Amino acid sequence: MTDKPKILVTRRHLAPTEARLTEDYDVVLNEDDHIMSADEIVAAADGMDALLICVTEPLDAAAIERLPDSVRAILTLSVGLDHVDTAAAKARGLAVLNTPDAVTDPTAEIGMLLLLGAARRAAEGAAMMRAGEWSTWSPRMMIGKEITGSPLGILGMGRIGQTVAARARGFDMTIRYHNRTRLPFAQEASASYYTTPEGLLEASPFLLISAPSTPETRGFLNAERIAMLPDGAIVVNIARGELVDDDALVAALGSGKVAAAGLDVFNGEPADIHPGYFELPNVFMTPHIGSGAERSRAAMGDMLLDGLDLLLAGEPVPNRVV
Ligand code: DGY
């Protein structure tokens, strides 16, 4: 028996995070890293002070309702909160902690990777090389689009959107954006604000989506809105798959209306992604690795555990959402 706080950890973490968990807490680890169902989590949560979950373990209102009274906090290793019913948690007096800031730089890096990869046809080039199909150099071969000096439209100008903007300025891109709330003048850093998302689409030969998944943004990029993009636009999504209507994007990628897409997030990921994406050469895909960089992933763990320590000490928690 120990009086260390008890925590259920639903996935395996990087070594520094697991070392801290083992040392400072009475921890129940999911040794084989299988995806725990909500029922399994509810059962294993008995006697726990906190749950450390990931985007792979959605906790809806029904699951949160059934959590034992011992649980005081849900820590999610993500900035995104779409998999946790925060209103239900609040109603039960449970704190929810997430990882803003820690994910910002690596996710913006993946945004730039996808932007460049889609625009410069990286998936096709890499596939051609690996298949041993590159036979000759030619002036017409694999012509992409330069991002340098082009306008970049950013939908969702939170921390990640602003960091992408800063990196894209290094490529002399002109930043245009739409956000629920206009940024203060200094934070805009000369980016042009579009009052409607539709206005932004019309002005975005390169479009990067970095807005949270909410009831208002789900299905945002549908056929009607894709039609508003300039012909041959490049689309990048580093937010959530839910913001995109896959049938519509696949059709637009097939017709050339959208020249290429860079996608890190998908509806139905990982097992049930729209098959159309795999058949198209002009899609550069990564498996939801926005925050998957060593330093940041460890910082995410620390941020949650620092927050839990503060919470249990009755102190204010900077990364507490509810
Ligand atoms: C996030 O932080 O929301 C990422 O998608 C990883 O979970």
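## Ligand contacts

An oxygen atom of the ligand sits 2.7 Å from a polar backbone atom of Val79. This comes from a predicted model. In Arg240, a side-chain N or O atom is 2.7 Å from a ligand oxygen. In His288, a polar side-chain atom lies 2.6 Å from an oxygen atom of the ligand. On its own, the ligand has 230 Å² of accessible area, and the protein covers 88% of that.

The residues around the ligand are Val55, Leu77, Ser78, Val79, Gly80, Val103, Arg240, His288 and Ser291. By class, this shell has four nonpolar residues, four polar residues and one charged residue.

## Thr107 in helix H5

Thr107 belongs to helix H5, which spans residues 104-119. Its relative accessible area is 7%, so Thr107 is buried. Leaving aside residues up to four places away in sequence, Thr107 touches Ile160, Ile238, Gly290 and Ser291. One of these, Ser291, is also among the residues around the ligand.

## The seven-stranded sheet

Seven strands form an open sheet with parallel pairing. Their order is S8-S7-S6-S9-S10-S11-S12. Strand S8 (192-193) and strand S12 (283-285) stand at the edges. Each has a single partner strand, so one side of each is left without a neighbour in the sheet.

Strand S9 covers residues 206-209 and has both faces covered. Phe206 and Leu208 lie on one side, Leu207 and Ile209 on the other, and all are buried. S9 pairs in the parallel sense with strand S6 (residues 151-155) over four bridges.

Next in the order, strand S10 (residues 233-237) pairs with strand S11 (residues 258-263). This pairing is parallel and runs over five bridges. Val235 has Ala261 as its bridge partner in S11.

Lys257 is found in the loop between helix H11 (246-255) and S11. With a relative accessible area of 18%, Lys257 is buried, because the cut-off is under 20%. Its side chain reaches the backbone oxygen of Leu229 at 2.5 Å. The Lys257 side chain also makes a polar contact of 2.7 Å with the side chain of Asp231.

Not counting residues up to four places away in sequence, Lys257 touches Ile226, Ala227, Leu229, Pro230, Asp231, Gly232, Ala233 and Ala252.

## Thr56 in a loop

Thr56 is placed in the loop between strand S3 (50-53) and helix H3 (61-66). Thr56 counts as partly exposed, at 32% relative accessibility. Beyond residues up to four places away in sequence, Thr56 touches Arg11 and Ile35. The side chains of Thr56 and Arg11 are joined by a polar contact of 3.0 Å.

Thr56 and Thr163 are 107 residues apart in sequence. Their C-alpha atoms are 26 Å apart in space.

Key. Residues numbered from 1 in each chain as written. Predicted model: local features only at pLDDT ≥ 70, side-chain atom pairs only at ≥ 80, totals over all residues. Heavy atoms only, no water. Near = heavy atom within 4 Å. Polar contact = N/O pair within 3.5 Å; in protein donor to acceptor, adjacent residues only side chain to side chain. Areas by Shrake-Rupley, 256 points an atom, 1.4 Å probe, with all protein chains shown as cover. Nonpolar A, V, L, I, M, F, W, Y, C, P; charged D, E, K, R; others polar. Helix = DSSP H or I, 4+ residues; strand = E, 2+ residues; numbered from the N terminus. Buried < 20%, exposed > 50% of the residue type's maximum accessible area, 1.4 Å probe, protein only. Contact = heavy atoms within 4.5 Å. Pairing = 2+ DSSP bridges.
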